[in-house]
Amino acid sequence: MPVNKISIIGAGRLGSLTGYEIVYRELAKEVVLIDIIKNLPQGEAMDLNQMASEKGKSTYAKGSNDYKDIAESDIVVITAGFARKPGMTRLDLLKQNAPIVRDVASQVAKYAPNSIVITVTNPMDVMTYVTYKVTGFPRERVIGMGGQLDSARYREILASMFNVSRSSVKALVIGEHGENMLPLARFSYIGGLRASDILSEDKIKEAEESTRKIAAEVIALKGATVFAPISCIASLIEAIVKDTKEIIPASVYLNGEYGLTDICIGVPIVVGRKGVEKIIELNLNEEEKLRFYKGAETIKNAINEIKAIAII
Ligand code: NAI
């Protein structure tokens, strides 16, 4: 059963194509696209409705520049803000995107107070924290999309390394959605075998490094990452709408889990109709902890930086 309404804030590359996925998968009766650019979301919605017509899909798209139109949304996706350009890290976007996400989150709290929010804008972990703080929503209803995408990339790299089908590989990346992401060979499987048991140390390092760098490579080649992220956003929405209880790595507010408090960082969660239904705590070894906590420190520093200039 589709939900009634899913809204997307930011009708750019990711926003419009997430709209496409929602219509194509018929995840909601209505999908609303919001942007600050006049006419853009309206045009995207018209185009989406014509696509829906061609495919015989029932989801109706609406474009607007007015937050009133997100009222009673079941799910809101935040993709508003600047994207990185070749050579930039996700953290380089911090000061540009924090005020945008802060303002968007306050509108979401005002007009869609019962929604589940999925934050996508980078630097995603920090923006998820901003969303959590500004909306005041319970942590179950604020999810940051990132680890899922990093895991898809890790899976692609492991599958090609072993020359096996992607569907035979389970790959997991947690931690910061950034330079300190943590691909976990010990928690990734190739046909049921632990990647860490069948890969040499060098190959593990190589796969990890490629996973960390691969998004920047795509941005250097085509200017942005698009298809992989929107597919992940849509699968996350689908897990919520269909109450699948799928385990997906995503950024959530931690309250003691992994020994961390007052931070959003990527960990495996159970996703269902209520949003975050459970946080799974992995037993990390010392080497894994080192990278995980380095990522946490980076996120905390960024949070402190925007607090220091009173963005939140
Ligand atoms: P884009 O530039 O194509 O679209 C962004 C849209 O946001 C634009 O249409 C812009 O007008 C709109 N916008 C800006 N300020 C706004 C405001 N205050 N209210 C409403 N709309 C506003 O960018 P793209 O490629 O869609 O990326 C969006 C964000 O997602 C970027 O920050 C990017 O870095 C991030 N991203 C995150 C990923 C993840 O895994 N979490 C993966 C890929 C991108």
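Predicted model: local features only at pLDDT ≥ 70, side-chain atom pairs only at ≥ 80, totals over all residues.
**View 1. Asn-39 sits in the loop between strand E2 (28–34) and helix H2 (40–55).** Most residues other than glycine have a negative phi. Is Asn-39 buried or exposed? Asn-39 counts as exposed because its relative accessibility is 58%, and the cut-off for exposed is over 50%.

**View 2. Tyr-258 lies in the loop that joins strand E12 (246–255) and strand E13 (261–272).** With a relative accessibility of 6%, Tyr-258 counts as buried, since buried means under 20%.

**View 3. A cis peptide bond leads from Asn-122 to Pro-123.** The omega of this bond is near -5 degrees. Most peptide bonds are trans. To find Pro-123, look in the loop between strand E5 (116–119) and helix H4 (124–135).

**View 4. Stepping back, the chain holds nine helices and 14 strands.** Its C-alpha atoms fill a box of roughly 55 × 50 × 35 Å along the principal axes. Buried residues make up 52% of the 312. Among contacts with a separation of 6 or more, 72% link residues 24 or more positions apart.

**View 5. The surface of the chain exposes about 13,700 Å².** Carbon and sulfur atoms supply 51% of that area. The chain has 39 positive and 38 negative charges, and their mean positions are 2 Å apart.

Terms used. Residues numbered from 1 in each chain as written. Heavy atoms only, no water. Helix = DSSP H or I, 4+ residues; strand = E, 2+ residues; numbered from the N terminus. Buried < 20%, exposed > 50% of the residue type's maximum accessible area, 1.4 Å probe, protein only. Contact = heavy atoms within 4.5 Å. Areas by Shrake-Rupley, 256 points an atom, 1.4 Å probe, with all protein chains shown as cover. Lys, Arg positive; Asp, Glu negative; His and termini not counted. Charge placed at Lys NZ, Arg CZ, Asp CG, Glu CD.
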